[in-house]
Amino acid sequence: MNDEAAFNEVLDAVGPRLRALRQQRGATLSQLSASTGISVSTLSRLESGRRRPTLELLLPLAKAHQVALDELVGAPQTGDPRIHPRPVTRHGMTYIPLTRRPGGLQAFKLIIPPGTQSSSPEPKTHEGYEWFYVLSGQIRLVLGEHDLVMKAGEAAEFDTRVPHWFGNAGSQPVEILSLFGPQGERLHVRARPRKQRN
């Protein structure tokens with residue numbers, strides 16, 4: 001592959017990375033536009049690949065997504081396989097990324113302190129598929145008609161197009177490992193509904 005083709009391949013991959021990062025954060029184009037000052041139409045064209053990314057556009061996007069600029073453009077790896085996670089706190093939860101690239105399957109460690117979520121869940125939907133494993137503490141998962149409390153050693157997987165919500169169900173912090181991927185990524189550990197108490 002010549003230098004020009006390699007350069008074009010790198011630029012073509014930026015749009016999908018930007019879309020994956022925005023969707024991972026659960027942000028709309030309008031919200032991202034408000035935080036970056038970039039118009040919705042420009043953001044849409046960037047994500048779809050109809051607009052070439054420039055440094056002037058990528059710098060505010062890297063800041064808004066809280067990632068290094070080289071993550072947006074897919075800078076070549078230096079050969080060191082170790083990941084140097086940068087924790088991010090959103091809505092009281094701490095997300096520790098365990099993968100480098102925003103496209104495809106993503107892995108996170110989440111730490112959810114007690115008392116940070118509302119007692120009345122507000123399930124949401126989005127594209128994708130999620131799997132998580134409870135490392136410590138107790139987590140409440142509301143998934144469609146299911147309302148589950150899971151403890152250390154339990155795992156769940158679900159299509160994120162099903163209305164879902166999760167939060168700390170105990171008095172101690174809960175830690176989970178979470179894998180999130182595009183629709184079609186399947187890990188075969190099924191969530192089972194908890195028996196209803198009479």
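Me: Hi! Which residue does Arg 52 form a salt bridge with?
Reply: Arg 52 pairs with Asp 12, and their closest N and O atoms are 3.4 Å apart. A salt bridge here is a side-chain nitrogen of Lys or Arg within 4 Å of a carboxyl oxygen of Asp or Glu.

Me: Where in the chain do Arg 52 and Asp 12 sit?
Reply: The pair links distant parts of the chain, 40 residues apart: Asp 12 is in helix H1 (residues 3-25), and Arg 52 is in the loop between helix H3 (40-48) and helix H4 (55-65). Helices (H or I, at least four residues) and strands (E, at least two) are DSSP runs, numbered from the N terminus.

Me: Good to know. What kind of model is this, and how are residues numbered?
Reply: This is a predicted model, where local features need pLDDT of at least 70 and side-chain atom pairs count only at pLDDT 80 or more, while totals for chains, interfaces and linings use all residues. Residues are numbered from 1 along each chain as its sequence is written, and side-chain values use heavy atoms, with hydrogens and water left out.

Me: Thanks! Is Asp 12 buried or exposed?
Reply: Asp 12 is exposed, with a relative accessible area of 51%, whereas Arg 52 is partly exposed at 40%. The cut-offs are under 20% relative accessible area for buried and over 50% for exposed, with partly exposed in between (1.4 Å probe, protein chains only).

Me: How many salt bridges does the structure hold?
Reply: There are six. Among them, Glu 175 and Lys 109 meet at 3.1 Å, N to O. That pair joins strand E9 (residues 174-181) to strand E3 (residues 106-112), 66 residues apart.

Me: And what about Asp 159, buried or exposed?
Reply: Asp 159 is buried, with a relative accessible area of 16%. Its side chain forms a salt bridge with Arg 161 (2.8 Å, N to O), and Arg 161 is partly exposed at 43%.

Me: Which residues are linked in a network of salt bridges?
Reply: Arg 19, Arg 22 and Glu 47 are.

Me: Switching to the sheet: what's the strand order?
Reply: The open sheet has six strands in the order E1-E2-E3-E9-E4-E7, with antiparallel pairing. Two strands pair if DSSP finds at least two bridges between them.

Me: Which strands stand at the edges?
Reply: Strand E1 (88-90) and strand E7 (155-159) do; each has a single partner strand, so one side of each lacks a neighbour in the sheet.

Me: Last one: how many bridges join E3 to E9?
Reply: Seven, and the two strands run antiparallel. Gln 106, for instance, has Phe 180 in E9 as its bridge partner.
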